[in-house]
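Subject: Structure handover

Hello,

Here is the structure for you to look over. My notes on what turned up in it follow below.

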Amino acid sequence: MDYERYIAQCIDIGILTKLSIRKYPLRPGNIAVVLKAYALNAKIPFEIDNQNLNVFESYRLFLTEKGLAWLINEFKKYTLAFLRVGFQYTFSQASQHDLENIDNYSGLNNFKGVSGINYKQGTQNKALLVRQYGKNNKLRVETMFDTLLDARKEVLHLTRYYPAEQFTLYRLSKQKKNGVYYKYKVPLFLEENRRGLAVNLPHLKGKL
């Protein structure tokens, strides 16, 4: 696929790296933003599909220092109107003031690695996803996963078709002494670290 080739090219030329050089990796949507900036610069085709950003969820990528400087310079080439449309994921709430002071724009915090998804303790534990449905929830499907991360990726996929209320996620912890697995209920979705991010949703303002 084009995005796989573009990711490889961005790594080869030093824009992206798999090394954990920042606190937080790029969010899936921001990986797409980097690839689009690269495609525009190289004059090759690439469109961001906001409905299919989950294709980037298996990637743990970081901008290099050179890559961050390059990306900000690329953004400076465009008008605010273009950025809001072409890079909606990053600039939908940006103002002209933000653009004029883009080095300090909070919407770039994830690119800098200062905000992002918290991969909390237990993310790499085995997991059990349970779906209960039908009359009185009598129908039950259990699926095992090697990691919580894999289980949550499947939850994101399944909740496109089924109500989230049908699912319960458990982290499995193995007792060393007897080899028995114990299960602990955990949230279906990871929370995002909001440090440094402006709150634009009216129902959340004043509640964080």
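A residue is called buried here when its relative accessible area is under 20%, taken with a 1.4 Å probe and with protein chains only as cover. By that cut-off, 38% of the 208 residues of the protein are buried. Please keep in mind that this is a predicted model.

Confidence first. The mean pLDDT of the protein is 83, and 83% of the residues reach at least 70. Where pLDDT is low, the predicted coordinates should not be read in detail.

On the overall layout, there are eight helices and six strands in the protein. Their order from the N terminus is α-β-α-β-α-α-α-α-α-β-β-α-β-β. Taking contacts between residues at least 6 apart in sequence, 64% of them join residues at least 24 apart. The protein has an accessible surface of about 12600 Å², and carbon and sulfur atoms account for 51% of that surface.

Helix H1 covers residues 2–12, and its buried residues are Tyr3, Tyr6, Ile7 and Cys10. Viewed down the axis of H1, these buried residues lie within an arc of 105 degrees, so they line one face of the helix. Their cover includes strand E1 (16–17) and helix H2 (28–42). After H1 comes Gly14, which has a positive phi, near 90 degrees.

Helix H2, part of that cover, has 15 residues. From its first C-alpha to its last, H2 spans 21 Å, close to the 21 Å expected at 1.5 Å a residue. How much of H2 is buried? Twelve of its 15 residues are, so H2 is largely enclosed by the rest of the structure. The buried residues of H2 are Pro28, Gly29, Asn30, Ile31, Ala32, Val33, Val34, Leu35, Lys36, Ala37, Tyr38 and Ala39. Just after H2, Lys43 has a positive phi of about 60 degrees.

Regards

Definitions and conventions: Residues are numbered from 1 along each chain as its sequence is written. This is a predicted model: local features need pLDDT of at least 70, side-chain atom pairs count only at pLDDT 80 or more; totals for chains, interfaces and linings use all residues. Side-chain values use heavy atoms; hydrogens and water are left out. Buried means under 20% relative accessible area, exposed over 50%, partly exposed in between (1.4 Å probe, protein chains only). Helices (H or I, at least four residues) and strands (E, at least two) are DSSP runs, numbered from the N terminus. The arc is that of the directions from the helix axis to the C-beta atoms. Contact means heavy atoms within 4.5 Å. pLDDT is the predictor's confidence in each residue, from 0 to 100. The expected span of a helix is 1.5 Å times one less than its number of residues. Accessible areas come from the Shrake-Rupley method with a 1.4 Å probe; for residues, only the protein chains shown count as cover.
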